[in-house]
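Open the model in your viewer and keep the selection tool ready. Each stop below says what to select and what is there.

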Amino acid sequence: MDKTTFDNKPTVNGRMHTSLKHDSAHKHVTGTAEYIDDIPEPAGTLHGGLGLADRAHAEIVSIDLSAVKSAPGVVWVITAEDVPGFNDVASTGQHDEPLLATTAVQFHGQIVFAVIAETRDQARRAAKLAKIEYRDRCMAAWGLPTGRMRRSSRSIFRRSKALPASSG
């Protein structure tokens with residue numbers, strides 16, 4: 001057990017509650033600050049684009065990346081199979097947060113694959129050429145009423161005049 005103790009200081013030493021000059025403030029106000037987009041890219045720099053899931057909760061049935069791979073400027077298409085070791089970025093070590101989706105997507109915008117190309121535009125355009133077939137999972141995961149819940153909720157809505165009376 002750590003038994004480190006700290007002395008309580010009644011005052012703070014330093015420049016509390018005073019204006020401090022930012023290291024690069026003079027460069028910003030004079031227009032001489034160098035931003036990342038102002039720095040020329042080294043020759044041969046490659047760019048990445050991401051293939052993102054357009055479903056929030058679905059099983060991946062098939063992925064066809066042939067059009068992506070043959071797109072102009074594409075150097076490499078990275079999938080989960082290319083990830084060495086565990087395809088996981090979870091900080092807990094539970095292996096429940098894949099870097100690249102494999103058999104299912106857990107949220108809209110989850111990364112399914114990455115494209116490496118000669119230009120940023122080529123990488124982004126190529127990523128849009130993927131053909132991914134999904135099988136949507138049960139909508140109950142979204143909190144939507146299903147089955148008996150739907151029938152019982154109908155009577156609640158009917159009483160509040162939100163839905164017209166119907167058979168079912």
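**Stop one: the sheet with E2 in it**

Select strands E2 and E6. Six bridges join E2 to E6, and the two run antiparallel. Strands (E, at least two residues) and helices (H or I, at least four) are DSSP runs, numbered from the N terminus. Two strands count as paired if DSSP finds at least two bridges between them.

A word on the model before moving on. It is predicted, so local features need pLDDT of at least 70 and side-chain atom pairs count only at pLDDT 80 or more, while totals for chains, interfaces and linings use all residues. Residues are numbered from 1 along each chain as its sequence is written, and side-chain values use heavy atoms, leaving out hydrogens and water.

Now pick Ile63. Its bridge partner in E6 is Ile132. You now have an open sheet of three strands in the order E4-E2-E6, with antiparallel pairing. E4 (104-105) and E6 are the edge strands, and each pairs on one side only. In general, strands of a sheet pair through backbone hydrogen bonds, either parallel or antiparallel.

**Stop two: the sheet with E5 in it**

Clear the selection. Select E1, E5 and E3. These three strands form an open sheet in the order E1-E5-E3, and the pairing is antiparallel. The edges are E1 and E3, each pairing on one side only. Neighbouring strands here are turned by 20 degrees against each other on average, direction ignored. The axes are lines fitted to C-alpha atoms, for helices over the stretch in contact, and angles run from 0 to 180 degrees between N-to-C directions.

Which residues of E5 are the bridge partners of Gly51 and Ile78? For Gly51, the partner in E5 is Phe113. For Ile78, the partner in E5 is Ala114. E1 and E5 pair in the antiparallel sense over six bridges. Four bridges join E3 to strand E5 (residues 111-117), again antiparallel.

Stay on E1 and show its side chains. The covered face has His47, Gly49 and Gly51, and the uncovered face has Gly48, Leu50 and Leu52. In a regular strand the side chains alternate between the two faces of the sheet.

**Stop three: a nonpolar patch**

Select Leu46, Val75 and Trp76. They make a nonpolar surface patch of about 300 Å². Val75 lies in strand E3 (residues 74-78). Patches are made of residues with over 30% relative accessible area and no salt bridge; like charges are joined within 9 Å, nonpolar side chains (Val, Leu, Ile, Met, Phe, Trp, Tyr) within 5 Å. Accessible areas come from the Shrake-Rupley method with a 1.4 Å probe; for residues, only the protein chains shown count as cover.

**Stop four: salt bridges**

A salt bridge is a side-chain nitrogen of Lys or Arg within 4 Å of a carboxyl oxygen of Asp or Glu. How many are there by this rule? The count comes to four.

Select Arg125 and Asp121. They form a salt bridge, with the closest N and O atoms 2.8 Å apart. Both lie in helix H3 (residues 120-127), four residues apart, about one turn of the helix. Arg125 is exposed at 56% relative accessibility, and Asp121 is partly exposed at 45%. Here buried means under 20% relative accessible area, exposed over 50%, and partly exposed in between (1.4 Å probe, protein chains only). Elsewhere, salt bridges that share partners join Asp54, Arg55 and Asp136 into one network.

Select that network. Asp54 pairs with Arg55 in a salt bridge, the closest N and O atoms being 3.6 Å apart. Asp136 also forms a salt bridge with Arg55, at 2.9 Å between the closest N and O atoms. This second pair links distant parts of the chain: Asp136 is in strand E6 (residues 131-136), and Arg55 is in the loop between strand E1 (47-52) and strand E2 (58-64), 81 residues apart.

**Stop five: a side chain that meets the backbone**

Select Asn87, in the loop between E3 and E4. Is Asn87 buried or exposed? Asn87 is buried, with a relative accessible area of 18%. Its side chain reaches the backbone nitrogen of Leu99 at 3.3 Å. A polar atom of the Asn87 side chain also lies 2.7 Å from the backbone oxygen of Leu100.

Terms used:
A polar contact is a pair of N or O atoms within 3.5 Å; within protein, one must be able to donate a hydrogen and the other to accept it, and residues adjacent in sequence count only if both atoms are side-chain atoms.
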